[in-house]
Amino acid sequence: METLQRIVSTLVNKNDEIHNFIDMLNHTISNVQVNSSNAISELDEEFDGLYSVLHEMKGSMANTIQQEEARKIQALQDQLSQCSRALESSEELLELAVQSLDIKNPVELLEAARQIKDSVTVASAFRLSLKPKVSDSMTHMMVDFALEKRMLQAVKFLPVPKAPEIDVAACLVADNCITVSWRMPEEDSRIDHFVLEYRKTNFDGLPRLKGEQHWELVDYIKATQYTLSGLKFDTKYMNLRVQACNKAVAGEYSDPVTLETKAFVFSLDSTTSHLNLKVEDTYVEWDPTGGKGQEKIKGKENKNSNTASPKRSTNSPRASARGGRDRFAGESYTVLGDTAVESGQHYWEVRAQKDCKSYSVGVTYRNPGKFDQLGKTNSSWCIHINNWLQTTFSAKHNNKAKTLDIPVPDRIGVYCDFDGGQLSFYNANSKALLHTFRTKFTQPLLPGFMIWCGGLTVSTGLQVPSAVKTLQKSENGLGGSTSSLNNVA
């Protein structure tokens with residue numbers, strides 16, 4: 001029977017992979033059609049632009065030729081006018097000279113000859129150049145586009161960068177950061193920059209098309225490595241892909257890779273919270289009205305809706321993880337997380353408001369009593385900060401407290417090693433160890449938070465910081481404060 005179930009499970013997974021691949025192929029076909037149409041449109045635009053440039057150049061050069069033609073003709077016409085005037089003056093002198101030949105009186109003839117000589121000396125015809133000022137040649141206005149034609153004939157599609165190859169072995173997932181490394185399949189000096197895209201997913205293997213988040217983009221990366229920092233790991237995996245770009249065009253994306261982004265994710269369970277607490281996802285705040293206004297709103301919502309709240313539904317996986325229970329009451333101003341720690345190493349952080357009077361951060365076994373307070377039972381462990389009148393900082397378990405003679409940080413990190421039986425608290429900024437409980441956990445643990453007069457913000461989806469891992473290895477629980485309230489679980 002188990003073998004048949006495994007076969008069925010394998011077939012279901014394989015069918016799911018094939019469906020996803022069919023969706024990818026159909027999506028690729030659609031993209032090919034759209035991108036081909038876009039390429040043809042861009043080709044038309046480029047050629048239209050080229051035609052426009054050539055048309056403008058032709059008009060400009062034709063205009064230059066016409067201007068040169070007008071200049072030369074004007075120069076020749078001016079020279080022609082000068083020649084006409086000089087010819088007219090010369091003909092008048094010639095006629096005068098011919099008439100003077102008929103003078104018989106030697107004295108008068110001599111006088112006439114002298115006058116004609118003087119007139120000839122100053123005559124414009126003898127100062128006139130008989131060479132055209134401009135030539136009729138227009139060869140300097142000729143063009144030869146042989147080189148340009150060869151260049152145009154050599155025009156090809158732009159050289160597209162090849163797809164980079166992501167080096168999975170060199171990629172690193174740590175401290176809620178992902179360092180991605182890649183390389184080009186061959187040297188390409190024309191690469192200008194890279195584009196990295198990433199998205200969260202809960203599916204291993206090839207990226208899916210349906211029901212996935214949009215790709216986030218990081219542009220203009222100059223190196224072949226990039227670190228995505230400050231991420232919240234609230235899904236199991238991260239898809240990543242890279243493309244190379246030159247000055248003109250982007251290449252194909254690399255084959256996508258899927259990296260595991262394992263972290264502990266939970267929300268605050270409002271169904272467990274004291275009525276004096278207002279709970280919103282990962283934020284809890286003291287509510288001096290006793291939750292009356294909140295209950296009115298919830299009552300109105302439930303009255304107007306036929307659908308049960310997801311957080312109140314007994315079919316919820318997280319609800320079943322904690323089991324049914326009553327709200328905290330009395331002076332136990334407490335709220336629990338909605339996801340249990342059952343194995344492994346986990347980490348989360350808590351930030352208190354500056355004016356917070358009293359709060360506790362820790363863990364508890366499932367189903368504590370509704371009047372139980374964190375650290376006052378043998379099934380809960382916490383550190384407690386009291387800012388009422390004077391500040392006290394202590395570690396609590398089984399109704400025993402140990403004073404911590406260290407400054408209270410504004411952000412507290414909680415490290416839980418379930419299998420190793422260790423619960424440690426850190427200054428989340430400096431990663432300095434504040435206190436460690438050591439015991440053997442015999443039941444699943446729920447994150448617990450107590451708050452009075454103020455508010456707490458919880459940060460989940462965090463990996464165990466490298467600095468915390470290093471401290472755990474090097475100090476083995478001996479650094480900082482180690483509880484003497486340990487061996488009761």
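1. Basis of the values. The model is predicted, so that local features need pLDDT of at least 70 and side-chain atom pairs count only at pLDDT 80 or more, while totals for chains, interfaces and linings use all residues. Residues are numbered from 1 along each chain as its sequence is written, and side-chain values use heavy atoms, with hydrogens and water left out.

2. Aromatic pairs around Trp381. The structure contains 13 aromatic pairs, where rings of Phe, Tyr and Trp (its six-membered ring) pair if their centres lie within 6.5 Å, and planes under 30 degrees apart count as stacked, over 60 as edge-to-face and the rest as tilted. The pair of Tyr365 and Trp381 is edge-to-face because the ring centres are 5.5 Å apart and the planes stand at 75°. This pair links distant parts of the chain, with Tyr365 in strand β15 (residues 358-365) and Trp381 in strand β16 (residues 380-386), 16 residues apart; helices (H or I, at least four residues) and strands (E, at least two) are DSSP runs, numbered from the N terminus.

3. Because Trp381 lies in strand β16 and Phe441 in the loop between β21 (433-438) and β22 (445-452), the pair ties together parts that are 60 residues apart in sequence.

4. Buried means under 20% relative accessible area, exposed over 50%, and partly exposed in between (1.4 Å probe, protein chains only). Tyr365 counts as buried at 4% relative accessibility, Trp381 is buried at 0%, and Phe441 is buried at 7%.

5. Other ring features. Phe264, Phe266, Trp348 and Phe449 are linked by ring pairs into a cluster. Arg241 lies over the face of Trp215, at 4.1 Å from the ring centre, and also over the face of Tyr253, at 3.9 Å from the ring centre; a charge sits over a ring if NZ of Lys or CZ of Arg is within 6 Å of the ring centre and within 35 degrees of the ring normal.

6. The sheet of 7 strands. An open sheet of 7 strands runs in the order β11-β12-β23-β14-β19-β20-β21, with antiparallel pairing, two strands being paired if DSSP finds at least two bridges between them. The edges are β11 (277-280) and β21, each with a single partner strand, so one side of each is left without a neighbour in the sheet. Within this sheet, strand β19 (residues 411-417) and strand β20 (residues 422-427) pair in the antiparallel sense over 6 bridges, and Ile412 stands opposite Asn427 in β20.

7. Arg327. This residue is found in the loop between α5 (317-322) and β13 (334-337). The side chain of Arg327 reaches the backbone oxygen of Ser270 at 3.1 Å and that of Ser273 at 2.8 Å; a polar contact is a pair of N or O atoms within 3.5 Å, where within protein one must be able to donate a hydrogen and the other to accept it, and residues adjacent in sequence count only if both atoms are side-chain atoms.

8. Cysteines. With a disulfide taken as a pair of cysteine sulfur atoms within 2.5 Å, the count comes to 0 disulfides. Cys245 is buried, with a relative accessible area of 6%, and Cys382 is buried at 0%.
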